[in-house]
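Please open the structure in your viewer and keep the selection panel at hand. The stops below are meant to be followed in order.

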Amino acid sequence: MASSEYKPINFIFHVFYLIFIFSAHSSTAELKRLLQPAKPDGTVSFLVIGDWGRGGSYNQSNVALKMGEVGEKLNIDFVISTGDNFYDNGLIGLDDPAFQDSFTNIYNASSLQKPWYTVLGNHDYRGDVEAQLSPMLRAMDNRWVCMRSFVVNAEIVEFLFIDTTPFVDKYFVQPNKHVYDWRGVLPRQTYLNNLLEEVDVALKESTAKWKIVVGHHTIKSAGHHRNTIELEKQLLPILHANDVDLYVNGHDHCLEHISSVESSLTIGKDLVGQLSCSRVRCQAEANYSFCHQMRYWVLGLVPSPGKALPGKVDRCLTGPRGMIHFITSGGGSKAWKGDVNHLDPQELKFYYDGQGFMSGDISEAELRAVFYDVSGNVLHHWKTYKEALYFAS
């Protein structure tokens, strides 16, 4: 008798428990989170490619070949795709041969048999979006990881992938002859409001040393599409507020590195309590050493900004606080658009109007990025540093 009374009570408890869990998830915005293990030494290596899916044409196969060689040399952990995965109009369904012809059969090097973390581009939205998002594609090729927006936790670094196409007004008000698959996006403003909240919460809650945001559309670019005004207004303030290190995108069919000039190194309450001299402007990396000296002066480690660093400081690796690097890697196939907007040289560090890809290597204190052309030649490389003071014991 006791047993028969227990079962319905137990069942009712579980029902109320499930209702509580589901209601909690519906009221609290939360992006899907994936875990990507780092290497045993704690570092992470990856490649970035965008705007690629053309069945091997427009040098796609040649870029893929060099990606395989660089991927092997770096022992990469994964690949990032910045969208426009299948031209010209996405996939027509789960049985579209373009998935094999433009992905599986092209990126066939052994070093590229790693997870491909993928966002959707505007061309992907012109096809069957649900097909690209379907887990059935991963059953065909287990590398394929494609969601609208999600987080990849790689221990020292978190990558936040954002669905940027629904932000762009012209796809809704002036679609021209194109038909977009807006299933899962409408009503649009609700979708965008929820996404922006999710992004802000995910970045605020992140405890990773590095924060990298990936989307298809540019925020800042000297290329054909220029800046995306909607992202500048709605997304960029969130990135600045949450100390994002890199924003990585495709859309422009080029390789590009822009550093924001509205950056500063904060030396004040957040670093040294109530000390004065609260801000030191660092608008370019040329001011890097000056920022070091000023910081040590405020910290009281040296008597004046011009003095050498004290011997007890093992090393200091820091960059201007608030600086975001805007990286375009959209040279996966068709390129050479030829219309470059020349920006302030303090902002535009590198621009290449051709095919290629990017690699990234991240340790706890340092991020190194390299751009390669279609022949695997190094075009541009740079480093940025995470603030870290190491004192001798």
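How many aromatic pairs does a search of the whole structure find? The search finds 26 of them, where rings of Phe, Tyr and Trp (its six-membered ring) pair if their centres lie within 6.5 Å, and planes under 30 degrees apart count as stacked, over 60 as edge-to-face and the rest as tilted. Before going on, note that this is a predicted model, in which local features need pLDDT of at least 70 and side-chain atom pairs count only at pLDDT 80 or more, while totals for chains, interfaces and linings use all residues. Residues are numbered from 1 along each chain as its sequence is written, and side-chain values use heavy atoms, with hydrogens and water left out.

Select Tyr 125 and Trp 182: their ring centres are 5.1 Å apart and their planes stand at 35°, so this pair is tilted. Tyr 125 belongs to the loop between β4 (116–118) and α4 (129–133), and Trp 182 to the loop between α6 (170–173) and α7 (188–205), 57 residues apart; helices (H or I, at least four residues) and strands (E, at least two) are DSSP runs, numbered from the N terminus. Both Tyr 125 and Trp 182 are buried, a word used for under 20% relative accessible area, with exposed over 50% and partly exposed in between (1.4 Å probe, protein chains only).

Next, select Trp 336 and Tyr 352, an edge-to-face pair with 5.5 Å from centre to centre and 75° between the planes. Then display Trp 52, Phe 86, Phe 99, Phe 103, Tyr 107, Trp 116 and Trp 144, which ring pairs link into a cluster. Over the ring of Phe 103 sits the charged end of Arg 143, 4.5 Å from the ring centre; the criterion is NZ of Lys or CZ of Arg within 6 Å of the ring centre and within 35 degrees of the ring normal.

Switch to a cartoon view and follow the open sheet of 7 strands, whose order is β5-β4-β3-β2-β16-β17-β18 with mixed pairing; two strands pair if DSSP finds at least two bridges between them. Its edge strands, β5 (144–146) and β18 (378–385), each pair on one side only. Inside the sheet, β3 (residues 78–81) and β4 run parallel over 3 bridges, and Ser 81 has Thr 118 in β4 as its bridge partner.

Which residues of the largest nonpolar core touch the most other members? Of its 60 residues, they are Met 67, Tyr 107, Leu 160, Leu 235, Leu 239 and Tyr 247; such a core is a set of buried Ala, Val, Leu, Ile, Met, Phe, Trp, Tyr and Cys residues joined through side-chain atoms within 4.5 Å. The element that gives the most to this core is α7, with 7 residues. Centre the view on Met 67, whose contacts (heavy atoms within 4.5 Å), leaving aside neighbours within four places in sequence, include Leu 47, Val 79, Tyr 107, Trp 116 and Phe 357.

Finally, select strand β9 (residues 246–249), where both faces are covered: Leu 246 and Val 248 on one side, and Tyr 247 and Asn 249 on the other, are all buried. Strand β8 (residues 210–215) runs parallel to β9 and is joined to it by 3 bridges, with Ile 212 standing opposite Leu 246. The parallel strands β9 and β14 are joined by 4 bridges, and there Val 248 stands opposite Ile 327.
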